[in-house]
Amino acid sequence: MTEEPPLIRDQKELLQYGVASRVPVCNPKIDATAWKRWAQVLSTVSPCIVMSEGDGEYAFYRNILDEPDFPFDHILDGEIGDAIQKFFPVQNLKEIRLDDAFCIHYNMTQEDTTGAKHMDPSDITVNLCITKSDDCKGSDVMFHGTKALQGVDSSIETRTDFCFRVNQEPLYATLHWGSHPHETTRLEKGDRTNIVLTYCFADPSRSDVSSRTCYNV
């Protein structure tokens, strides 16, 4: 029987592997009450939305890039923006642009709650967990290999043969390179809702996103 990859909770250890975890999503412009409201709005699966967004047998995806009232302009305020400038080669947040945004909701009515191994079409991915049931079990993000983050003094060599899991905590974000291969493990109990924001360098010469084959990893 294959041993399950370890679930890593220590933030310093995750930084050495290439993941910034437990970055608070709340800031003066978007507090916990606002996130709770957005969680209710975006995780409500109506028949109309299912018809337009996809098969209800699978994890529910909803594109929100054109959501008129969503506070995109304030996402990078506070600790998320600070973490991007600390751990990625970004001196000014104007150096990156939001390329895409979607909501993903997992619950036990779905037959398949996994996400296949892939890379994101982004330079930097910000994965915000906005709600998660108290009984939620499983549904971790599993990373394949390690990546180097800026400013992290790591004695760990880059590895491609190492997998590790990251738990999704409500009202915290997980930040990583878009090119860091990852997948979503099966939901065993409960439900959770995340918002995934993909950012690209504003200068296209700094990015390889356009040539990346995200599922051929």
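**View 1. M108 sits in a loop between two strands.** M108 is found in the loop that links β3 and β4; strands here are DSSP runs of E with at least two residues, helices are runs of H or I with at least four, and both are numbered from the N terminus. This is a predicted model, where local features need pLDDT of at least 70, side-chain atom pairs count only at pLDDT 80 or more, and totals for chains, interfaces and linings use all residues. Residues are numbered from 1 along each chain as its sequence is written, and side-chain values use heavy atoms, with hydrogens and water left out. How exposed is M108? M108 is partly exposed, with a relative accessible area of 46% (buried means under 20%, exposed over 50%, partly exposed in between, using a 1.4 Å probe and protein chains only). Although M108 and G190 are 82 residues apart in sequence, their C-alpha atoms are 6.5 Å apart in space.

**View 2. Strand β7 has neighbours and cover.** In a regular strand, side chains alternate between the two faces of the sheet. Take a look at β7: V141 and F143 on one side are buried, and so are M142 and H144 on the other. β7 and β8 run antiparallel and are joined by 4 bridges (two strands pair if DSSP finds at least two bridges between them).

**View 3. Rings get together around F164.** The whole structure has 9 aromatic pairs. (Rings of Phe, Tyr and Trp, using its six-membered ring, pair if their centres lie within 6.5 Å; planes under 30 degrees apart are stacked, over 60 edge-to-face, and the rest tilted.) One of them is F143 with F164, stacked at 5.5 Å centre to centre with 20° between the planes. F143 lies in β7 (residues 141-144) and F164 in β8 (residues 163-166), so this pair ties together parts that are 21 residues apart in sequence. F143 and F164 are both buried. F164 also stacks with F162, at 5.6 Å centre to centre and 25° between the planes, and F162 is buried too.

View 4. The charged end of R22 sits over the ring of Y172, 4.1 Å from its centre. R206 does likewise with F201, its charged end 4.0 Å from the ring centre. (A charge sits over a ring if NZ of Lys or CZ of Arg is within 6 Å of the ring centre and within 35 degrees of the ring normal.)

**View 5. Here is the largest pocket.** Its volume is about 460 Å³. (On a 1 Å grid over the protein atoms alone, a pocket is an open set of points with protein on both sides within 12 Å along at least five of seven lines; lining residues have an atom within 4 Å of a point. Grid points are joined across faces, edges and corners, and the volume is the space filled by probe spheres set on the points.) Of the 27 lining residues, Y61, F102, I104, H118 and Y215 lie nearest the centre. Strands that each supply at least two lining residues include β3 (96-106) and β12 (192-201).

Definitions and conventions
1 Å grid on protein atoms, 1.4 Å probe; cavity = no way out; pocket = protein on both sides within 12 Å on 5 of 7 lines; lining within 4 Å.
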